[in-house]
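Visitor: I would like to learn how to read a model like this one. Please show me the structure and take me through its features.

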Amino acid sequence: MQGKKAVVTGGGGAICGEIARALAAEGVSVAIWDLSAEAGRARLAGLPATRPAGLALACDALDRESVREALRRTLEAFGTVDILVNGAGGGRPEATTSPKLSFFDLPSAALQGVLGLNYLSAVIPSQEVGRVFAGKQAGVVLNIASVAGWRPLSRAIAYSNGKAATLSFTAWLAVHMAREYSPAIRVNAVAPGFVLTEQNRFLLLDEAGAPSERGKRILAAVPMQRLGRPEEIAGAVLYLVSEQARFVTGAVLAVDGGFSADPGV
């Protein structure tokens, strides 16, 4: 992948920050687009010293004009884009059921917000960067989905539904781009399972570093009996965006320790 140019949305976060690092280590010039310019700059500073020149740009993946401006600046610096990793996403407490907030009382605005955050955040950048791919008849889109798109997580209704939409979008866009523009435009996704990051460490581990009660319940549902690590998601991404996967499109690769394969009986 030496010399390729990539955009990673949500690149200031733990998983997508690791994806940006892995791409840079392979000689890819990486533009980190993140809602937080500060988080993006921090990730950019942490990329390998031998990496090619990179960018860190403030970008709201749900705002078309913001995406267009980030793309303009990226093209100005790189000349083109070869790889798009759609990693922006997440959940919000107000769109999640809890003892204090029942399903019947979930606000519509909160549900729409999280659905958009986990679906349109892939669609809008794909529309804008996809124009570049269509123009040169080559490119790779890689969506960061979730096992929650297959097996809805309890309480996380909007997050699970948004990731399910992303899985459907991945298959649809793969066929659309190959048939309407070029078979050399590929679209795939990875579906991470439960991954340990600094953001969720306090939920999954206790102060001694042992699994918390919530962590124990999760581990009991994962056949490999451990949590994933961000670099393991990045490894799957590297395969799917590389030439080694040149006959792979419309696919979703689960990186979940067997969670999605377990029928629970």
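Guide: Start with alanine 165, which is placed in helix H6. Helices (H or I, at least four residues) and strands (E, at least two) are DSSP runs, numbered from the N terminus. This is a predicted model: local features need pLDDT of at least 70, side-chain atom pairs count only at pLDDT 80 or more, and totals for chains, interfaces and linings use all residues. Residues are numbered from 1 along each chain as its sequence is written, and side-chain values use heavy atoms, with hydrogens and water left out.

Visitor: Is alanine 165 buried or exposed, or partly exposed?

Guide: Use the cut-offs: buried means under 20% relative accessible area, exposed over 50%, partly exposed in between (1.4 Å probe, protein chains only). Alanine 165 has a relative accessible area of 25%, so it is partly exposed.

Visitor: Where does threonine 170 lie, and what is it in contact with?

Guide: Threonine 170 also belongs to helix H6. Its relative accessibility is 0%, so threonine 170 counts as buried. Contact means heavy atoms within 4.5 Å. Setting aside neighbours within four places in sequence, threonine 170 is in contact with Asn143, Val187, Asn188, Ala189, Gly250 and Ala251.

Visitor: How do I read the buried side of a helix?

Guide: An α-helix has 3.6 residues a turn, so residues three or four places apart point the same way. Now take helix H4 (residues 108-118), where Ala110, Gly113, Val114, Gly116, Leu117 and Asn118 are buried. The buried residues of H4 pack against H5 and H6.

Visitor: Which residues have the most contacts inside the largest nonpolar core?

Guide: In soluble globular proteins, nonpolar side chains tend to be buried together. A nonpolar core is a set of buried Ala, Val, Leu, Ile, Met, Phe, Trp, Tyr and Cys residues joined through side-chain atoms within 4.5 Å. Here the largest one has 28 residues, and Ile19, Leu23 and Val85 have the most contacts inside it. At least two residues of this core come from each of strand S1 (5-9), helix H1 (14-25), strand S2 (29-34), strand S4 (83-86), S5 and helix H9 (230-241). A second, separate core has 25 residues, including Trp33, Val67, Leu71 and Ala122.

Visitor: What does valine 85 touch?

Guide: Valine 85 sits in strand S4. With 0% relative accessibility, valine 85 counts as buried. Leaving out residues up to four places away in sequence, valine 85 touches Val7, Val8, Thr9, Ile19, Leu23, Leu142, Ile144 and Val237. By the same exclusion of residues up to four places away, isoleucine 19 touches Val85, Ile144, Ala234 and Val237.

Visitor: How many cavities of 30 Å³ or more does the structure hold?

Guide: Rolling a probe the size of a water molecule over the atoms shows where empty space is left. On a 1 Å grid over the protein atoms alone, a cavity is a set of points where a 1.4 Å probe fits but cannot get out; lining residues have an atom within 4 Å of a point. Grid points are joined across faces, edges and corners, and a volume is the space filled by probe spheres set on the points. The structure holds one cavity of 30 Å³ or more. The largest cavity has about 40 Å³ of space.

Visitor: Which residues line the largest cavity?

Guide: The lining is Asn86, Gly87, Ala88, Asn118, Ser121, Ala122, Asn143, Ile144, Lys163 and Thr166. Helix H5 (120-136), strand S5 (139-144) and helix H6 (157-180) each supply at least two of the lining residues. By class, the lining has three nonpolar, six polar and one charged residues. For those classes, Ala, Val, Leu, Ile, Met, Phe, Trp, Tyr, Cys and Pro count as nonpolar, Asp, Glu, Lys and Arg as charged, and the others, Gly among them, as polar.

Visitor: How many disulfides does the structure hold?

Guide: A disulfide is a pair of cysteine sulfur atoms within 2.5 Å. The structure holds zero disulfides. Cysteine 16 is in none, and its nearest cysteine sulfur, that of cysteine 59, is 13 Å away. At 5% relative accessibility, cysteine 16 counts as buried. Cysteine 59 counts as buried too, at 7%.

Notes: On a 1 Å grid over the protein atoms alone, a cavity is a set of points where a 1.4 Å probe fits but cannot get out, and a pocket is an open set with protein on both sides within 12 Å along at least five of seven lines; lining residues have an atom within 4 Å of a point.
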